[in-house]
Amino acid sequence: MIRQGFLITWILLGGLFASAQSDVETYMRMYEGESIVNLLSRTVLEIGYDNSGELEVNLRETDKRLYLTDGAAQFSEDQVSYSEHFQLLSHEAYALVPRGKKQKRIPVTEFQTKTEFSNSIFHDGGRSLVFFYPSLSKGAMTVLEYELSIELPQLLSSMFIGDYYPTHLREIEIRTAPGVNMEFSYRNADGPAYQPQVKTDKKGNTTYSWSFEALDGLDFGAQSPDFSYYAPHIIPRISSYSKDGEQVRFLQNTDDLYDWYRSLIGTISTETSDEIRVIVDSLNADATTDLERISNIYYWVQDNIKYVAFTEGMDGYIPEDAVAVCSKRFGDCKGLTSLMYSMLEYAGIQPYFSWVGTRDRPYRYEEVPTPVVDNHMILACSLDNDIIFLDGTSYASHVLEVPYALQGKEVLVGISEDEYRIVQVPVRPKDYNLYRDSIHITVDETGKLVGRGVTKFTGYYASGIRAVLKRITGSDLERYMESQLEKGSNKFALTEYSVSDFEDHADDITFEYRFDIEDYLMVNGDEMYLDMNLVKLYEDEMMKASRAVDYEVDFKSINQIVVVLDIPHSFEATYVPEALSYKEGDFGFDFNIEQKGNQIIQDLRQYDNFLIMDQSRFADWNNMIKNMRQIYRESIILSKKQ
Amino acid sequence: MSQIQFWSILALTACTLLSASAQSDYLTYTWAEEPSFEIPVEYADESEVIVMDRNGVEFVLEDNTFYQYELSHIVTYVQDDAAVENNNKVFLSTRQEDEVLFQKVRVINRQGEIREFDESDIKEGFDEQSGLNYEYFAVEGLDKGSFVEWLYIIKSNARYNGSMIRLGAFETKLQTSFELIAPEHLLFEFASYNGLPDVKLDTVHNEKNYYRLAVDVIPAMENELMSYPAANLAAIAYKLDENTAANSVNMSSYKPSIRNFYAYVYQMLSKADRKALSRVIKDAGIQDQMSDREKIIQLENYIKGQFAVLPYAQAEFETIEAVVNNKASTDNGYIRLYANAFDLMGIKHELVLTSDRTMYAFDPDFEAVFYLQSAQIYLSDLDQYLSPESTHLRLGYIPWEFTDNYGLFISRFDLGDLSTGVGRIDKIEAPGHESSQLNHGIVVDMREDVLEPTCHFKVEMSGHMSSFIQTGYESLSTSEREMMDFALKDFITAQADDMELKISNAEADVFGRKPLVVEATVTTSDFTTRAGNKVLLKLGNLIGEQTEMYNEKPRTLRIDNDFNRSFYRTITVHVPQDYTITNLDQLNVNIEMPDGTARFFSDYTFEENTLVLSIDEYYDRIQYPKEDFEDFKEVINEAADFNKVVLFLEKQ
């Protein structure tokens, strides 16, 4: 193992630290208004060989931070995460605290370990080392250095250039032993500035290095695409290394990635058990088409096998056997895929293990042939000369629908030992995802607004609603329906509702309901004013001027509110607002309103035809919202007939 | 709060508990070989029902050490997917020094097939910060319609001077029981809360006392607005009261806790601690000529502005020297720092230990250590409280969870050259409604443009209404301030994005003395609606949506407010000369609780085409019995109704 780099870092850091308080003041001026600055963020990756000639990879991170505000002590807590695949080899942390014109170095002496849990991953062997920096105050610095051993050399992670806080100096260094060849993928990192300096010494050790200065902090925002969409980063991979005097391919391209994935699933058994066979036979007893067989199996898995990520060691990468998953009634994405594989194969349908990255991995296999490209396993199977995908972790998707988080993503479909295909998941068009509320209102003899409505959801809207309905009952269901259907004002009272059968996985779900709203109609002598905009779509969806990140939605959609008013007998409509439209590229709306006989019918139909809206479109978007608010500010007038 | 460490400070003094060695009954406890559970038809539609819950604790003396064996045996019926997902992971957390003697789980599915989980599937986790160990596993083979049976026994050092067990839950519970077994000469005392019957001495057998309680049905707790469901769950408390063999009585009184906590806070100071104490007083800029109040404010602002509160116990951070050097400590460290600094400055004070009333209110009639959850400081000459660990609060304000609650007040008692702590139980009164205000001064000028008037907002917030913003604003970075400013704009009106905001008194140092003031002016059509040539002014929208209780079901829980508060609003509307308002009558309202503790009152003047409306609303009592709910609801809904007030403007 190469240790000299460690020393260099220490010398470098030493140089920085000797600078003491006068430099601190310079930084404080330079970064005024910030709370934290990363003075140095340094990543060193060392790729060499162990005693048996296998690849050995170590990662060393050095973070030096400066705190610029009173109350810096609130940032005292810090942690280092590690796991079986990323083992913690060493760690050190200390604070550099201003003492007059000098700095005092105060080491962290107590590190505490804890097991990591989360809702999505119940158990994966993750640990973290938690500690507190002592004596933080304005002008203090902290230094954290730790070293991880990356047990699987395939799992080199992305190296980001930039962080939420500004970074004064960002350094990346990758050192390779002779024979180790590297490839790099770049994201948001085009141009010569992102090309590494490459040096090879006499012994054949090569160093790739990058250095960046004065990086602004990067913004995050609600409903924004993943950090990796806009943050510059480099994704390294080992393309080959030398073994016993020969050059061995490692992750040169997707073929190699697939070889590795294949080797991981090569060991599992896709055998069926009596239990599986009985289930499949009974599910498909009356099935006549392949689609029926696939549907029956997929929906059974949705309803009976729960998603629980409970893995250890290589279980994080190797699917569990179908028999075990079926018997336990839970599995992670790979386990669920493995069970569906066996069930479908037994039912006579050809299944394929498949890998895919959710939308927060913005990469294609060809560009990034490393495990960074994906984070999920699904099952592909043939249906009428086509390929369809089944995601076992989605318990409410329609059989022919891939969850929205995978739209537009490439799927690596494992056809055989040495054959794979890359298939793109379609992005569903806006017409596929419809939300339509049709409301019919009247005024009762007491002046109360009374109505009935039908809300229809299709596509991903329907799947989302189905997912909720499958999980709630009783008073929770009632509360849910009230919150879904509330309109007009918070005096909305839901008097009756029914839900279409959602267990049959029909394409759409409808709610039928009746309601009344007290004090909604405004009565002024012989006139009544009525705001027919019972649902004010997007009223509060202005993009803030301060927003500096793109805007992402789950899926494209059409959203429609139709309101029909029966004009009370002795009244006539004396004011009806005008129609209005706004269309600008990927979004827009049509608003129509007219009187037909004794009814006023208004129809607002809005569409979003994008998944990510970039910032240049915000002004147009806000114009759309302003136009919609124009509609929401109009009421109709009903006057007593003379 | 680091409960475990806190309790170790209060920990028991040794007492002799003579006893013949006996084996715990629970060592031989197990489940039925052939389980037969049923779900009564009336509960069959509920997502999840606990059909049996057996809780036991046995106190045993073994090798001169006093242990407890804690038994939990629970059977849950899972009816639907949500219940399966709630129950397919089992998670047992214990203190590091506890020993899980055994833990087992089995699933009995709808067909009656039994599946016992494999002990090798238990994973172990730990958290050195909180001092907890975890045993957890995923329950295999769980289908809808199954019963999950879970049984475990934990052995630990006896915790006999006060424990609470909650028997009520958010699911219906059937066949719920509690049992306490102790050597015959040890007599326990019990308290039952929220509708449970008393625990009784049931049998004496083999020189052991068996105390028991059993209930057939405990209805599921429902969430209701303005209530703390957890504090309303059926629960029992127990503690050792008497050792007849040693003639000891009143064994679980607060006396040792008082003594220990007093000693921990005041009596373990080193020379270095004293030096650090003087330094902190000097660094805080405290001068002799200042009044006590000024000194307290100065010290508190200094510490809370510069020091951090660590979430978990770290003994090395808790000496006064360490607190001052590290500028970081736990709440224990801060109690020491403040209390001793006050001593050094000659400021009279008491330590107050109390519980979070949203979880369980302090019972003044049942002395038990679990009520001593958190430490606050009472400054008796000022009759005000200070919360050492709450960086977002200042003198006069402590977390409201601790107010309107009883507490144990500990003060110094001098005996010649020696001093010790003495305690009393007293009420921690909640500050009155004037202490937390949210006031609006709004001027709407429609004279230039009746449809797009200019609105000036002045919002004043104080106390618990403003604490987080007012004490945190200064330490935000520029971009974080921008975000906060947007949140404040949103609070004024969600739709006006491009208004200038002026913020004053956003300084931690003035919290509690000056209100946070947010001002903005915006010309907007957000508050007007057009209906032909009529203009509707949505006056109610100017103050935003209010809490409402329009569609409440019959009330089952008492009303609990977080803190007392008031809302004073003045709205001035300048109407163009050629317009008149036709529906002003609705603006006169007066609704109040019969005892005058909550009120909504509004009245107006309309002169020279200017409307001046004032609305006073306040809530000055924390708790009401459920019988008062209808009256209370009327006040709340009156305010919510105001949000819907629309004025009609017509051209004359």
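Predicted model: local features only at pLDDT ≥ 70, side-chain atom pairs only at ≥ 80, totals over all residues.
Which residues does B:Thr176 touch, not counting residues up to four places away in sequence?

Now, B:Thr176. You'll find B:Thr176 in strand 10 of chain B, the stretch that covers residues 172-183. Leaving aside residues up to four places away in sequence, B:Thr176 touches B:Asp53, B:Leu167, B:Leu213, B:Ala214, B:Val215 and B:Ile218. Is B:Thr176 buried or exposed? Its relative accessibility is 0%, so B:Thr176 counts as buried.

Let's zoom out to the two chains, beginning with chain A. Chain A has 642 residues, and 55% of them count as buried. Its secondary structure comes to eleven helices and 38 strands. If you draw a box around the C-alpha atoms of chain A along the principal axes, you get roughly 100 × 70 × 45 Å. Take the contacts in chain A with a separation of 6 or more: 73% of those are between residues 24 or more positions apart. The accessible surface of chain A is about 26900 Å², with 46% of that belonging to carbon and sulfur atoms. As for charges, chain A carries 61 positive and 101 negative ones, and their mean positions are 5 Å apart.

Over to chain B. Here we have 652 residues, and buried residues make up 59% of them. Chain B contains ten helices and 35 strands, and its C-alpha trace spans about 95 × 70 × 45 Å along its principal axes. Of the contacts in chain B with a separation of 6 or more, 72% come from residues 24 or more positions apart. The accessible surface of chain B comes to about 27300 Å², and carbon and sulfur atoms hold 46% of it. Chain B has 56 positive and 109 negative charges, with mean positions 5 Å apart.

So how do the chains meet? On the chain A side, 66 residues are in contact with 74 residues of chain B. Between them, chain A and chain B bury about 6200 Å², and 49% of that is on carbon and sulfur atoms. How many salt bridges are there between chain A and chain B? The count is ten. To put one on the screen, look at A:Lys306 and B:Glu85: they form a salt bridge, and their closest N and O atoms are 3.6 Å apart.

Over all chains, the structure holds 61 of them. Let me walk you through a few.

A:Lys448 forms a salt bridge with A:Asp516, with the closest N and O atoms 3.9 Å apart. This pair links distant parts of the chain: A:Lys448 is in the loop between strand 25 (434-443) and strand 26 of chain A, while A:Asp516 is in strand 28, and the two are 68 residues apart. A:Lys448 is partly exposed, since its relative accessible area is 22%, whereas A:Asp516, at 15%, is buried.

Staying in chain A, the side chains of A:Lys334 and A:Asp332 meet in a salt bridge at 2.7 Å, N to O. Here both partners, A:Lys334 and A:Asp332, are buried.

In chain B, the side chains of B:Arg558 and B:Asp560 meet in a salt bridge at 3.0 Å, N to O. B:Arg558 counts as partly exposed, with 22% relative accessibility. B:Asp560 is buried, with a relative accessible area of 3%.

To finish, here is a group of partners back in chain A. A:Arg42, A:Glu46, A:Glu171, A:Glu173 and A:Arg175 are joined into one network by salt bridges that share partners. Thanks, everyone, and happy exploring!

Definitions and conventions:
Residues numbered from 1 in each chain as written. Chains lettered and ligands numbered in written order. Heavy atoms only, no water. Helix = DSSP H or I, 4+ residues; strand = E, 2+ residues; numbered from the N terminus. Buried < 20%, exposed > 50% of the residue type's maximum accessible area, 1.4 Å probe, protein only. Contact = heavy atoms within 4.5 Å. Areas by Shrake-Rupley, 256 points an atom, 1.4 Å probe, with all protein chains shown as cover. Lys, Arg positive; Asp, Glu negative; His and termini not counted. Charge placed at Lys NZ, Arg CZ, Asp CG, Glu CD. Buried area = accessible area lost by both parts, 1.4 Å probe. Salt bridge = Lys/Arg side-chain N within 4 Å of Asp/Glu carboxyl O.
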